[in-house]
Amino acid sequence: MSECHCGKKVSYEDCCEPLINGSQMASSAEQLMRARYSAYVTASIDFLHDSLHPDSRDDFDFDSTKKWAEGSTWHQLSILGTKAGQEQDKVGSVEFIAAYTDEEENDHRHCERSPFKKVEDQWLFCDG
């Protein structure tokens, strides 16, 4: 069995896909972060939009996000740490590195500490 795009040692179908297709909700900020990375890999742009906190959706650019996701080769997600963001929490953050190569074949390591909030029992990414 191959591992999920997010780096978990389970299949994509058993890991991030249920979150991306809407059949399951993330139980933690980290789980949503992993699914968002997998959504970039699979160019699941609607999920990337829908998993944003409503306050961050206004300037979401579907076309440029799709172009970036499809034009990049996604190599690895490394979770460096989490703060809160568990099932019982209302806020949390995930520090990560996403390694990818862009369409000009430049290698990148995107490092970020992403904030998350739970709204009506659903974890959402707050654009940092």
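1. The model is predicted, with local features needing pLDDT of at least 70 and side-chain atom pairs counting only at pLDDT 80 or more, while totals for chains, interfaces and linings use all residues. Residues are numbered from 1 along each chain as its sequence is written, and side-chain values use heavy atoms, with hydrogens and water left out.

2. Helices (H or I, at least four residues) and strands (E, at least two) are DSSP runs, numbered from the N terminus. Helix α2 covers residues 29-41, and its 13 residues reach 19 Å from the first C-alpha to the last, close to the 18 Å expected at 1.5 Å a residue; the expected span is 1.5 Å times one less than the number of residues.

3. Of the 13 residues in α2, 10 are buried, where buried means under 20% relative accessible area with a 1.4 Å probe, counting protein chains only. Among them are Leu-32, Met-33, Arg-34 and Tyr-37. Just after α2, Ala-43 has a positive phi of about 55 degrees.

4. Strands β2 (residues 91-101) and β3 (residues 107-119) run antiparallel and are joined by 11 bridges; two strands pair if DSSP finds at least two bridges between them. Glu-95 stands opposite Arg-113 in β3. Five residues lie between the two strands of this hairpin, and in the turn Glu-105 has a positive phi of about 70 degrees.

5. β3 also pairs with β4 (residues 122-125), in the antiparallel sense and over four bridges, with Trp-123 in β4 as the bridge partner of Lys-118. Two residues separate β3 from β4 in this hairpin, where the turn residue Glu-120 has a positive phi of about 50 degrees.

Notes: Buried < 20%, exposed > 50% of the residue type's maximum accessible area, 1.4 Å probe, protein only.
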